[in-house]
Amino acid sequence: MYQRFQQIIKADYHLTPDTRIVVGVSGGVDSMVLLHLLCQLPENMRPTIHVAHINHQLRKESLEEQEFVAQYAKECGLPIYIGVWDSGLTIKNNIEQEAREFRYHFFEDVMQETNSQMLLTAHHKDDHIETVLMRLIQGNQLKTLSGIATSRALGNKYQVIRPLLSFSKKELYLYAADENIPYYEDSSNFSNHYLRNRIRHHVRPMLESENPNIGESIVRLAEEVNQQAMVVESLLKPLIDTLMTYQNNIWQLDYLSLKRHNLAIQSEVIRYLLTDVQNKTKLPVGYEHVNQVVGMIQSDKPNLTSQLPNNWLIEKTYDSITVSKKSHNTVKHQKIHLEKNQGAFLSDTQWLGLFEVGKETLPEELESWRYKELVYTHGENHSIRVRKREDGDRFVYNRKGQTKKVSRYFIDEKIPIKLRDLSWLVFDEKGCLLWLLPFRESYLSIEYETDKIQYKLVYLYQEDE
């Protein structure tokens with residue numbers, strides 16, 4: 001087993017002494033074998049190891065296991081980081097999901113503290129098989145039947161890798177016995193309270209009585225699902241790129257163009273969209289949501305809304321379908337007038353100031369907000385008017401002085417409806433549009449005139465998360 005593990009590390013992960021890793025160690029046989037294998041790697045392959053253990057406080061043995069892992073790490077000369085899940089003492093519902101979220105947040109914190117690049121977990125072949133069966137029973141989407149991936153991203157900076165995924169639980173037990181590796185047997189593994197355990201103790205043995213090789217068949221099925229999903233995605237990606245836009249946690253789909261394609265392609269594009277939503281927001285998305293969007297596309301009604309969990313919405317308008325979080329951004333003004341060296345809140349999450357260059361005074365409480373600015377020249381007695389867009393609004397978009405409707409600009413640039421609604425138009429006192437806030441300036445604002453004063457418009461905002 002060690003030779004196979006070493007080959008996997010060498011071929012797939014290229015670990016070196018300069019690689020800094022975090023290993024999730026529960027004290028069970030899986031993670032203890034993983035830690036032992038890593039410590040046995042030759043010096044030119046052995047990474048810098050940091051041990052991370054989580055005491056979920058769900059069982060009476062939890063503290064004993066924490067002390068066991070800490071002592072073992074000490075004996076191996078490895079630093080250990082321990083997280084204690086206080087909610088474990090009181091939580092009654094959704095235990096697995098809440099514990100998992102705490103676990104991975106803790107792992108990210110440890111990786112940041114140790115400047116590590118990878119998190120290694122001890123998922124093995126039996127976990128992989130059980131996961132496929134769980135998702136099949138729960139009625140998940142086809143793509144999820146690919147099971148557990150050998151690696152995945154964790155946040156924006158880290159990677160989770162699973163080097164034991166080709167090893168069975170039986171192999172891990174045999175290796176632990178041969179190498180005299182101590183471990184704790186989690187008593188909750190024998191409880192039928194959890195679906196995974198019921199599959200392990202009842203469903204899988206029943207399937208194996210019909211086909212002793214059912215585990216390998218499931219592994220092959222998962223690989224085929226994964227490969228076919230990659231093929232479908234690669235073929236559809238050019239179409240998806242022309243139909244879908246994403247900005248500031250707002251997805252927009254050109255459903256009128258999508259409607260020209262057959263129902264199978266429509267469903268795959270929508271599935272891609274909602275999977276992207278799920279990956280970025282952790283929202284649970286399933287077949288019913290895909291069917292809801294397909295129904296919206298087929299409906300003759302121009303305006304439809306469907307609810308997603310956690311105040312997220314799917315909205316159909318005349319030219320697009322938008323997925324976004326319900327906005328709590330309260331508009332304070334529909335119109336506002338600013339003299340030079342003044343500022344004002346446009347809404348709860350937007351602020352605008354007009355200043356002579358060099359005289360900017362920004363509110364201290366907004367120093368963490370996002371920042372945009374526009375510098376231009378104007379006469380001495382200058383003021384601005386700010387308002388929401390109205391039918392017929394136009395701006396100068398090139399040096400020739402040609403104009404374009406604001407509504408046409410939004411359509412051409414595929415700006416989501418939600419972002420259009422957050423936009424403001426900034427005019428000078430003569431009614432010339434200076435800035436379509438926050439997207440682009442009018443060409444009138446670009447010309448520099450030496451005999452006039454330089455002004456700066458400062459826009460501060462919070463993104464709707």
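Which residues in α5 meet Gly-215, Glu-216, Ile-218, Val-219 and Ala-222 in α8? Before I answer, please keep in mind that what we have on the screen is a predicted model.

On the α5 side, the residues that meet those five are Lys-125, His-128, Ile-129, Val-132 and Leu-133.

Let me turn to the interior. In soluble globular proteins, nonpolar side chains tend to be buried together. Here the largest nonpolar core has 35 residues, and among those with the most contacts inside it are Phe-5, Val-23, Leu-34 and Leu-164. Several elements each supply at least two residues of this core, including α1 (2-13), β1 (20-24) and α6 (169-178), while the largest share, seven residues, comes from α2. If we leave aside residues up to four places away in sequence, Leu-34 touches Phe-5, Val-23, Leu-120, Thr-121, Ala-122, Pro-163 and Leu-164. There is also a second, separate core of 25 residues, which includes Ile-270, Leu-273, Val-277 and Leu-283.

Finally, a pair of strands. Strand β13, residues 342-347, and strand β14, residues 350-356, pair in the antiparallel sense over five bridges, and they form a hairpin with two residues between them. Within this pair, Phe-345 stands opposite Trp-351 in β14.

Notes: Residues numbered from 1 in each chain as written. Predicted model: local features only at pLDDT ≥ 70, side-chain atom pairs only at ≥ 80, totals over all residues. Heavy atoms only, no water. Pairing = 2+ DSSP bridges. Helix = DSSP H or I, 4+ residues; strand = E, 2+ residues; numbered from the N terminus. Contact = heavy atoms within 4.5 Å. Core = buried A, V, L, I, M, F, W, Y, C linked by side-chain atoms within 4.5 Å. Buried < 20%, exposed > 50% of the residue type's maximum accessible area, 1.4 Å probe, protein only.
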